Amino acid sequence: MTSQTAHFPLTLPIRILLLGSGELGKELTISLQRLGCHVIACDTYQNAPAMSVAAQSVVIDMTDADAVTTLINETQPDLIVPEVEKLAIGALTQAAQDGIRVAPSAKIVQLTFDRQGIRTLAAEKAGVPTSSYAFADSLEPLQEAAKTIGFPCFIKPTMSSSGHGQSRIRDASELETAWNEACSGARANTGRVIIEGQIDFDYEITLLTVRHLDGDQVVTSFCAPIGHCQENGDYVESWQPQEMSPLAAERAKAIAKAVTDTLAEESAHENYPVLGIFGVELFIKGDDVFFSELSPRPHDTGLVTLASQTQSEFDLHARAILGLPIDTTLQTPAASAPLKAPTAVETPRYHGVAEALADPSVTVRIFGKPHAHPGRRMAVAAAQAQDVATAREIARAAIGKIKIESE
């Protein structure tokens with residue numbers, strides 16, 4: 001047994017500081033508390049979804065290193081679990097140096113927060129296939145890079161999520177607008193963007209990749225591939241399983257493992273095993289597979305696992321980071337469809353929930369966000385069926401019955 005696994009199995013319960021308390025954090029909190037953990041939910045605004053189910057809640061500016069450090073000192077967590085990108089990375093790094101475990105690791109949070117970090121690691125260290133790419137820190141280098149990569153291409157902030165600040169560019173006349181959009185839409189404005197060449201893929205997947213303990217060894221397991229559709233970089237539908245050729249499926253697993261193993265190697269100095277679920281996004285063209293992005297935590301497209309798997313992605317993440325056994329078994333084909341707010345609404349109320357739940361194959365999660373704004377994800381419907389096509393139809397019909405109105 002290596003020194004990294006000497007702290008496992010954990011004696012429960014433990015204190016967990018959750019940094020980020022959205023809908024994914026809410027489901028994760030429920031999974032952790034079912035295992036006896038004391039979860040302290042933190043976010044930048046009051047009444048974030050996870051706060052309604054956590055043992056404690058705190059509101060701070062999570063980009064303020066001093067505020068995050070003070071919170072860590074006051075709450076004395078056994079484990080810090082980041083659930084958002086926009087964090088004071090330096091405070092997490094210091095906590096790790098002080099011996100507090102960060103799951104999956106402080107270094108991984110830093111690398112995956114920054115598209116430059118994760119893309120460079122994937123392409124140059126893990127050596128996996130990616131789209132062509134370049135980085136630019138002003139408009140002129142962006143214009144030069146775009147000439148090399150060609151059109152159409154994508155311009156994205158190096159630090160963002162859910163499609164914020166992303167543009168698809170068809171010709172050079174759109175570059176200045178895309179630059180401004182990337183700067184204004186970034187989660188943290190680094191003054192740098194990534195330019196990505198377009199891959200004419202057949203479909204894209206999320207491969208939920210779980211690093212967990214098997215005895216005293218860290219092993220990697222995979223969920224069935226999740227197919228998904230996106231609009232403006234944000235998911236609008238997901239389903240599981242996505243049909244793939246055997247060769248593409250094996251290549252997808254190999255790429256996901258290569259990238260997550262390389263991330264773990266980068267974190268070796270933190271003296272804890274890298275455990276947890278990773279949402280690895282991949283483009284598939286025939287039997288060819290290309291790495292796109294990675295989230296070191298449950299993935300929004302993985303909400304489908306609330307209906308499809310024996311253990312949801314939230315159960316898997318909770319169990320993995322605690323050093324407990326996991327089961328990635330697919331129980332049934334399923335699909336999910338989110339409800340996005342059409343307009344700004346204060347104190348939203350939901351109508352049509354009974355109609356959506358009239359079909360017993362449907363489950364609904366209303367996230368409990370205190371305010372709605374256009375495009376904000378407010379709820380999700382997930383449906384089981386004998387096949388994916390039917391599940392997609394049921395999920396879309398169910399979420400279409402739910403409407404948001406003001407109080």
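Predicted model: local features only at pLDDT ≥ 70, side-chain atom pairs only at ≥ 80, totals over all residues.
Where is the place of asparagine 271? Residues are numbered from 1 along each chain as its sequence is written, and side-chain values use heavy atoms, with hydrogens and water left out.

Asparagine 271 is placed in the loop between α8 (246–266) and β14 (276–285); helices (H or I, at least four residues) and strands (E, at least two) are DSSP runs, numbered from the N terminus. Although asparagine 271 is not a glycine, its phi is positive, at about 65°. Its relative accessibility of 51% makes asparagine 271 count as exposed, given that buried means under 20% relative accessible area, exposed over 50%, and partly exposed in between (1.4 Å probe, protein chains only). Asparagine 47, which is not a glycine either, has a positive phi of about 65°. The loop that holds asparagine 47 runs between β2 (38–43) and β3 (56–59).

Two cis peptide bonds may be described next. Alanine 103 and proline 104 are joined by a cis peptide bond with omega of about 5°, and proline 104 belongs to the loop between β5 (101–102) and α4 (106–113). Phenylalanine 151 and proline 152 are likewise joined by a cis peptide bond, with omega of about -5°. Proline 152 is found in the loop between α6 (139–149) and β7 (153–157).

The protein chain is assigned domain 1 (1–102), domain 2 (132–197), domain 3 (199–331) and domain 4 (334–405), with bounds that come from an automatic or database domain assignment. Taken over C-alpha atoms, the centres of domain 1 and domain 4 are separated by 28 Å. Seven residues from domain 1 and eight residues from domain 4 take part in the contact, where contact means heavy atoms within 4.5 Å.

The size of an interface is often given as the accessible area lost when the parts come together. Between domain 1 and domain 4 the buried area is about 600 Å², and carbon and sulfur atoms give 45% of it; buried area is the accessible area (1.4 Å probe) that two parts lose on being put together, summed over both. On the side of domain 1, the residues that lose the most area to domain 4 are Glu23, Glu27 and Tyr45, together 63% of what that side buries.

Five residue pairs are in polar contact between domain 1 and domain 4 (both at pLDDT 80 or more). A polar contact is a pair of N or O atoms within 3.5 Å; within protein, one must be able to donate a hydrogen and the other to accept it, and residues adjacent in sequence count only if both atoms are side-chain atoms. The side of domain 1 that touches domain 4 comprises two nonpolar, two polar and three charged residues. In this classification, Ala, Val, Leu, Ile, Met, Phe, Trp, Tyr, Cys and Pro count as nonpolar, Asp, Glu, Lys and Arg as charged, and the others, Gly among them, as polar.

Side chains of opposite charge can pair when their charged atoms come close. A salt bridge is defined as a side-chain nitrogen of Lys or Arg within 4 Å of a carboxyl oxygen of Asp or Glu, and the count by this rule is 19 salt bridges. Glutamate 23, in helix α1 (residues 23–34), and lysine 369, in the loop between β19 (362–366) and β20 (371–372), link distant parts of the chain, 346 residues apart. Their side chains meet in a salt bridge (2.8 Å, N to O). Glutamate 23 is buried at a relative accessible area of 9%, and lysine 369 is buried at 8%. Across the interface of domain 1 and domain 4, three salt bridges are found.

A further salt bridge joins the side chains of arginine 396 and glutamate 237 (2.6 Å, N to O). Arginine 396 lies in helix α12 (residues 388–400) and glutamate 237 in strand β13 (residues 234–240), so this pair ties together parts 159 residues apart in sequence. Arginine 396 is partly exposed, at 39% relative accessible area, whereas glutamate 237 is buried, at 8%.

Within helix α8, lysine 257 and aspartate 261 lie four residues apart, about one turn of the helix. The closest N and O atoms of their salt bridge are 2.6 Å apart. Lysine 257 counts as partly exposed at 36% relative accessibility, as does aspartate 261 at 22%. Elsewhere, salt bridges that share partners join Glu23, Asp234, Asp300, Lys340, Lys369 and Arg377 into one network.
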